[in-house]
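Have the model open as you read.

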Amino acid sequence: MQNYPSQQALIHEKLRSVFGFTSFRPNQESIVTSVLNKKDVFAVMPTGGGKSLCYQLPATIMQGTAIIISPLIALMKDQVDAALASGITAAYLNSSLSPKEMGGVLSSLENGEITILYIAPERFAMPQFIDTLKNIPVSFVAVDEAHCISEWGHDFRPDYLGLSSIKELFPSVPVAAFTATATLKVQGDIITRLNLHEPHSIRASFNRPNLFYQVERKTDSKKQLLEFIGRHPNESGIIYRTTRDAVMETSEFLKAHGVSALPYHAGLTTEERSRNQEAFSRDETPVIVATIAFGMGIDKSNVRFVVHADLPKNIEAYYQETGRAGRDGAPADCLLLYGRGDIPKIRYFIDQIQNDAERAIALEKLNQMSGYASHNVCRRRRLLAFFGESYEKDNCVSCDICCGGVEQTDITVDSQILMSAISRTGQRFGAGHIADIVTGADTKRVRELRHNELKTYGAGRHKDKIYWRELADELVAQEALRLEGGRYPIVTLTQKGNDILFGKRSISAIRKDKARPASRHGQTGGEYGAALFEKLRKLRRHLALSQQVPPYVIFSDKTLYEMCRSFPVSMNDMAKVSGVGEMKLRKYGQAFLDEITQHSNTQTERPDR
Ligand code: ADP
Ligand code: MG
Ligand code: ZN
């Protein structure tokens, strides 16, 4: 660090020269600094938050080799290729290597030629490998996808348990753990199991500002899918379906309609799966139709849309799956097709659960999910609330609710009928009984409590009981009503509810019969010159193919957009584009510059020439 006035100046310089970025994303700088200062780190950052840089950058500064533990052998090569493309000497060790390749990596490791070494967790259980590590300087250990160590997490891997011994074996080596999913319970588990010592802990915001969330009422899902994909020509996307059969059916249907799509589910052979995943990852096939088996650790940064053609079983899964869109930070779309018919299908599976408590939890989660899809609350606010995070802005400007993509209907009068019944019965009953009162139902309980004598008895006869139950759900979601008590909750009025009841404010909801598609503002390529973007994409694919790496490893979509927008005319300009570090400038700068120059020539060409 001799030539830099401060550590801070040095890391900013590396950020620019190695990665080509001008500024850190939230929390990256403090994490990098902690690793450099040999502190343990625990970080929860959303997918696309830029976790890799948090360990790659310090690795380029510190003496010795950084060991990165990564769960998926299939992805290690891509991770290494990405590091190599930025000029970082990286390698991986896993069971896919031949003995000869393995020997090569080990000897480079012993010669101190490797800055970053990716390994699978099981390697930590191999005494021989530990011996090797003991004989080389290790700068730090990073555990990626650290939630795999916790049984409470949704991707528990027994192999990860062996990582508990890192601190025992290497007491003076700092350990940094990263994950995108951690409830507080999982968080505690990770810290204990890895024996992290007073870690610098980060819980980043889960907000993904570049994702546009929308829910469309499912009418004809096939037609809706085709229309949606039609609005995203040439863009990469994932379509999630619940069952293997549905995956096959949808991918066949899309193919028959001229959309290049491949299936992915656990019923395919390992070979088929990795072939399809690779075709998707390398931009050979834009669309992949998949079950939830597809996803963890897919680092493809230019997924431009994620569609759920069936209702996911809970909000956490929905958040993780949509999170695979837009890792590069450029705009991406998340569409959920929602039909009431999805609920009985999931209920069927839930009903099979033997354990009462588990079944109740699954049901509660399903209710939250259908609430997300059907209520008139900013989608982003609701997702964040699920993670215990409050969203400050009134309008997120990137969801169908906030963008007016859904038609609103005034529900003040009906809400007053419902709330009047709640208020007149002393705010002591559940939504079911209240719905009985307003529909004028002749039940034993109504008669016993003499609720048939209330003024509101039967005031809502014009609609059925289901309508009033759903209205109560809607009012809870909009915080006009509150649910109190556990198993059989009663509904009470909030301040907002009182204001509505007494006519001080009005309230509206999504009109369920008339939801129409919204979309993020402007097509991704459009505003930056779609024609040039296409040419750059082609060039990127060509280069990627010849080097046997995924295209996003060369430049991200975001970097290409920026080239289209800023129109670099010299290598100097090119160096200023975000995502163009020194190594990539040297390797690819000229080729992209030539393409841009050629494009601008065709633009200015005179017709009479
Ligand atoms: P995560 O592992 O947290 O999901 P990645 O490390 O894969 O995220 O990073 C996602 C994308 O963000 C990558 O394309 C990466 O190059 C980009 N990125 C990371 N840090 C920055 C930054 N400071 N500025 C711009 N882009 C960044
Ligand atoms: Mg990652
Ligand atoms: Zn919103």
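## Helix pairs and a zinc site

H2 and H3 sit oblique to each other. That's in a predicted model, so keep it in mind for everything below. Helix H2 covers residues 28-36 and helix H3 covers residues 51-61; they pack at about 40°, and their axes are 9 Å apart. If you're wondering about the hand of this crossing, H2 and H3 cross in a right-handed way. On the H2 side, the contact uses Gln28, Ile31, Val32, Val35 and Leu36, while H3 brings Leu53, Cys54, Leu57, Pro58 and Ile61. Sort the residues of this H2–H3 contact by class and you get 9 nonpolar, 1 polar and no charged.

Helix H1 (residues 7-19) and H3 cross at roughly 105°, with axes that come within 10 Å. An angle between 65 and 115 degrees counts as roughly perpendicular, and so H1 is described that way relative to H3. From H1, the residues involved are Leu10, Ile11, Lys14, Leu15 and Phe19; they meet Leu53, Gln56, Leu57, Thr60 and Ile61 of H3.

The crossing of H15 and H16 is right-handed. Gln368, Gly371, Tyr372, Ala373 and Ser374 are the H15 residues here, and they meet Arg379, Arg382, Leu383 and Phe386 of H16. This H15–H16 contact has 4 nonpolar, 3 polar and 2 charged residues.

| Helix pair | Angle | Axes |
|---|---|---|
| H2 and H3 | about 40° | 9 Å apart |
| H1 and H3 | roughly 105° | within 10 Å |

Now for the metal. Which protein atoms are the donors of the zinc ion (ligand 3)? They're the SG atoms of Cys378, Cys396, Cys399 and Cys402, lying 2.3 to 2.4 Å from the zinc ion. The arrangement is tetrahedral because the 4 donor atoms subtend angles of 104 to 116° around the zinc ion. Along the chain, the donors follow the spacing C-x17-C-x2-C-x2-C. Cys378 is in the loop between helix H15 (356-374) and helix H16 (379-386), and Cys396 is in the loop between H16 and strand S14 (408-410), so this pair ties together parts that are 18 residues apart in sequence.

One last stop: Asn207. Where is Asn207 found? Look in the loop between strand S7 (200-203) and strand S8 (211-217). Beyond its neighbours within four places in sequence, Asn207 contacts Arg380, Leu384, Glu389 and Tyr391. The C-alpha atoms of Asn207 and Gly49 are separated by 9.9 Å, though these residues are 158 residues apart along the chain.

Notes:
Residues numbered from 1 in each chain as written. Chains lettered and ligands numbered in written order. Predicted model: local features only at pLDDT ≥ 70, side-chain atom pairs only at ≥ 80, totals over all residues. Heavy atoms only, no water. Axes fitted to C-alpha atoms, helices over the stretch in contact; angles between N-to-C directions. Helix = DSSP H or I, 4+ residues; strand = E, 2+ residues; numbered from the N terminus. Parallel < 35°, antiparallel > 145°, perpendicular 65-115°, else oblique. Left-handed = near helix turned anticlockwise from the far one by under 90°. Contact = heavy atoms within 4.5 Å. Nonpolar A, V, L, I, M, F, W, Y, C, P; charged D, E, K, R; others polar. Donors = N, O, S within 2.8 Å, 3.2 Å for Na, K, Ca; no water. Tetrahedral: all angles 85-135°; square planar, octahedral: opposite > 155°, others 65-115°.
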